[in-house]
Amino acid sequence: MSSPTPAPARRAGIEMGGPAVRIGALASVLVLCSVPVQAADLPVFKITLRDGTISPPRIEAPAGTRFKLEITNAGKSPAEFESISLRKEKVLGPGVTSFVVVNPTSPAQHVYFDDFHPQAKGVLVIK
């Protein structure tokens, strides 16, 4: 006696190519079309760390705007950009450039410093 041939597999009664597949495809297209703003499209403010100095010592940025801080270690020793109030930190080897993205905030002043050279400080004024 032979076994009966099994029926094609179905998931919860949904056929391949049915409405659920079309809705899933539409959702995928909508997700791909709503790509967030990339860091490359943001306003950029540059900070240079150099063996215990920070330049510029003061940066002014607009409130309510997302922006990028581009940080370069132009010194011969490692450096660590840090801002406790912004919750940002970045360790950089000599000659390295990197960035952090700052999300929109209210007007405020945020101290930033080189954690490996604590005397080096600056302030980010958001207004």
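His110 touches a set of residues that lie well away from it in sequence: leaving aside neighbours within four places, its contacts are Ser83, Ser85, Leu86, Gly122, Val123, Leu124 and Ile126, where contact means heavy atoms within 4.5 Å. His110 belongs to strand S8, residues 108–114; strands here are DSSP runs of E with at least two residues, helices are runs of H or I with at least four, and both are numbered from the N terminus. With a relative accessible area of 9%, His110 is buried. Buried stands for under 20% relative accessible area, exposed for over 50%, and partly exposed for what lies in between, using a 1.4 Å probe and protein chains only. The side chain of His110 also makes a polar contact of 2.7 Å with the side chain of Ser85. A polar contact is a pair of N or O atoms within 3.5 Å; within protein, one must be able to donate a hydrogen and the other to accept it, and residues adjacent in sequence count only if both atoms are side-chain atoms.

Before going further, a word on the source: this is a predicted model, in which local features need pLDDT of at least 70 and side-chain atom pairs count only at pLDDT 80 or more, while totals for chains, interfaces and linings use all residues. Residues are numbered from 1 along each chain as its sequence is written, and side-chain values use heavy atoms, with hydrogens and water left out.

**The sheet around His110**

The bridge partner of His110 in S9 is Leu124. S8 and S9 pair in the antiparallel sense over 7 bridges, and a hairpin of 2 residues connects S8 to S9. Two strands count as paired if DSSP finds at least two bridges between them. S8 and S9 are part of an open sheet of 5 strands, in the order S3-S9-S8-S5-S6, with mixed pairing. Its edge strands are S3 and S6, each pairing on one side only. From one strand to the next the twist averages 20 degrees; the axes behind this value are lines fitted to C-alpha atoms, for helices over the stretch in contact, and angles run from 0 to 180 degrees between N-to-C directions.

On the other pairing of S9, S3 runs parallel to S9 and is joined to it by 4 bridges, with Arg58 opposite Val123 in S9. S9 is mostly covered, as 7 of its 10 residues are buried.

**The nonpolar core**

Leu124 turns up again in the largest nonpolar core, which has 19 residues; Ile47, Leu49, Phe67, Leu69, Phe81 and Leu124 have the most contacts inside it. Such a core is a set of buried Ala, Val, Leu, Ile, Met, Phe, Trp, Tyr and Cys residues joined through side-chain atoms within 4.5 Å. At least two residues of this core come from each of S1 (44–50), S3 (58–61), S4 (67–73), S5 (79–83), S7 (97–102) and S9 (117–126). Phe67 is in contact with Leu42, Pro43, Phe45, Ala61, Val100, Val101, Val102, Leu124 and Ile126, not counting residues up to four places away in sequence.

**Backbone details worth a look**

Most residues other than glycine have a negative phi, and most peptide bonds are trans.

| Residue | Phi | Place | Relative accessibility |

Where is the cis peptide bond? It joins Ser55 and Pro56, with omega about -5 degrees. Pro56 lies in the loop between S2 (53–55) and S3, whereas Ser55 is found in strand S2. Ser55 is partly exposed, at a relative accessible area of 43%. Leaving aside neighbours within four places in sequence, Ser55 is in contact with Lys46, Ile47 and Thr48. The C-alpha atoms of Ser55 and Gly122 are separated by 7.8 Å, although these residues are 67 apart along the chain.

**The protein as a whole**

The protein has 1 helix and 9 strands, running α-β-β-β-β-β-β-β-β-β from the N terminus on. Of its 127 residues, 30% count as buried. Among contacts between residues at least 6 apart in sequence, 60% join residues at least 24 apart. The accessible surface comes to about 8,500 Å², 60% of it belonging to carbon and sulfur atoms; accessible areas come from the Shrake-Rupley method with a 1.4 Å probe, and for residues only the protein chains shown count as cover.
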